[in-house]
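The following exercises concern a single protein model. Each task is followed by a solution set out in steps.

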Amino acid sequence: MTDGNRQVVFASRPSGWVGEENFSLHSAAIPEPGPGEMLVRNIYMSVDPYMRGMMVDRPSYAAPLRPGDVLSCRVVGQVVASNNPDYGAGDFVFGMLRWEEYSIAKGDEDLRKVDPDLAPLSWNLGVLGAPGLTAWVGMMELGRPKAGEQVFVSAASGAVGQVAGQLARLRGCRVVGSAGSDDKVAFIRRECGYDDGFNYRRAASFETALASHCPDGIDVYFDNVGGTMLDAVLLQANDHARLIECGMISQYNLQQPDGIHNLALFARKRLTMRGFIVRDHYELLPKYLSDMAAWLKSGEVKYREDMVRGLEQAPAAFIRMLKGENFGKQVVQIADDPTEGS
Ligand SMILES: NC(=O)c1ccc[n+]([C@@H]2O[C@H](COP(=O)([O-])OP(=O)(O)OC[C@H]3O[C@@H](n4cnc5c(N)ncnc54)[C@H](OP(=O)(O)O)[C@@H]3O)[C@@H](O)[C@H]2O)c1
């Protein structure tokens, strides 16, 4: 086939903050699908915090990248040509493909068809995809908040956080969130129905902010950031509180992680801390999707994404997300979406 498949390659390992110099843009031939394979035109791709972990050369649940690799990511695209009996040309699909304009899919990349009539295609990378399921697993399966309990969510306007808080609100909890700008705090309060929120970047201290915004303590903490916020939550936690460790984005670009100083409170307050990885819970996706699609349709759950356009913008979009410059789920549109406006 003709040349013209632009790809983003992992050029070098960052030490400390990741920068655009750690990526390079290449062009390759558009590949031909082999037996059982299909060619997918990638329309939307996701940039996610876990990719920062893949840039470090250490064993993890996602295999480390090697310099020269085309990066992998979740993609929503359209099948252009198929030698796979389960998929036909024109089908819209979601899968773990690559930072490139065209990918070969074999069908085993968590590939599934997506229904373009259910919601905008890009939402399959956010509220109807792994971030939404992450919020569901962490909040509902592990945190198990009860009506009337006090719930606190950090990075509350992000892809996972905005869903996690709304799930707790639907459960009848009092929900408080922290986010990195006044606009984000207004969004979680006015759109997502959080009871309260604060801009942690303007807080004199996290301890006093939590004491004032969570006056009845915290029963469930949905932790997206770790670090000093986690330490402060331990002080404000109620007896028997559950700390759900979803992620620790404040630590991902540090060469020396923050220490946690209030661990002695675990025994005194009988706290539980539980970490999880969403991919261990993918069997819950069909049930989650059916519930969430209904909530989105009825307007009970709101969703915000932050779209940038152009594959060449993907490294900058990834970095701005890590810095908190995204407002909602960060997505990159790579190609025209034929369902847009329909
Ligand atoms: N366990 C799992 O399976 C799983 C799956 C998906 C995601 N995660 C984790 O969930 C968390 C959120 O991921 P996401 O995809 O929803 O990203 P996101 O929240 O949409 O974007 C990242 C956000 O993190 C916040 N942030 C960045 N640096 C920060 C800092 N130093 N202190 C506090 N907040 C900071 C920023 O929001 P502000 O402007 O509010 O600071 C930024 O917008 C991450 O920790 C991620 O690793 C875990």
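**Exercise 1. The sheet**

In what order do the six strands of the open sheet lie, and is the pairing parallel or antiparallel?

Solution. The model is a predicted one, in which local features need pLDDT of at least 70, side-chain atom pairs count only at pLDDT 80 or more, and totals for chains, interfaces and linings use all residues. Residues are numbered from 1 along each chain as its sequence is written, and side-chain values use heavy atoms, with hydrogens and water left out.

Step 1. Identify the elements: helices (H or I, at least four residues) and strands (E, at least two) are DSSP runs, numbered from the N terminus. Two strands pair if DSSP finds at least two bridges between them.

Step 2. Read the order, which is 10-9-8-11-12-13, with parallel pairing. Strand 10 (196-199) and strand 13 (272-275) are the edge strands, each pairing on one side only. From one strand to the next, the twist averages 15 degrees.

Step 3. Asp-223 has Glu-245 of strand 12 as its bridge partner.

**Exercise 2. Helices on the sheet**

Solution. Step 1. Axes are lines fitted to C-alpha atoms, for helices over the stretch in contact (heavy atoms within 4.5 Å). Angles run from 0 to 180 degrees between N-to-C directions.

Step 1. Helix 2 (residues 130-143) lies across strands 8 (150-153), 11, 12 and 13, at about 150 degrees to strand 11. Helix 3 (residues 159-170) touches strand 8, strand 9 (174-179) and strand 11, and its direction makes about 170 degrees with that of strand 8.

**Exercise 3. A residue of strand 8**

Is Val-151 buried or exposed?

Solution. Step 1. Buried means under 20% relative accessible area, exposed over 50%, and partly exposed in between (1.4 Å probe, protein chains only).

Step 1. Val-151, found in strand 8, counts as buried because its relative accessibility is 1%.

Step 2. Beyond its neighbours within four places in sequence, Val-151 contacts several residues, among them Met-139, Ala-168 and Val-220. The C-alpha atoms of Val-151 and Phe-222 are 7.7 Å apart, although 71 residues separate them along the chain.

**Exercise 4. Helix 8**

Which residues of helix 8 are buried, and what covers them?

Solution. Step 1. The buried residues of helix 8 (residues 285-298) include Leu-285, Tyr-288, Met-292 and Trp-295.

Step 1. Their cover includes strand 7 (112-113), helix 2 and helix 3.

Step 2. Gly-299 follows helix 8 and has a positive phi, near 85 degrees.

Note on methods
Expected span 1.5 Å × (residues − 1).
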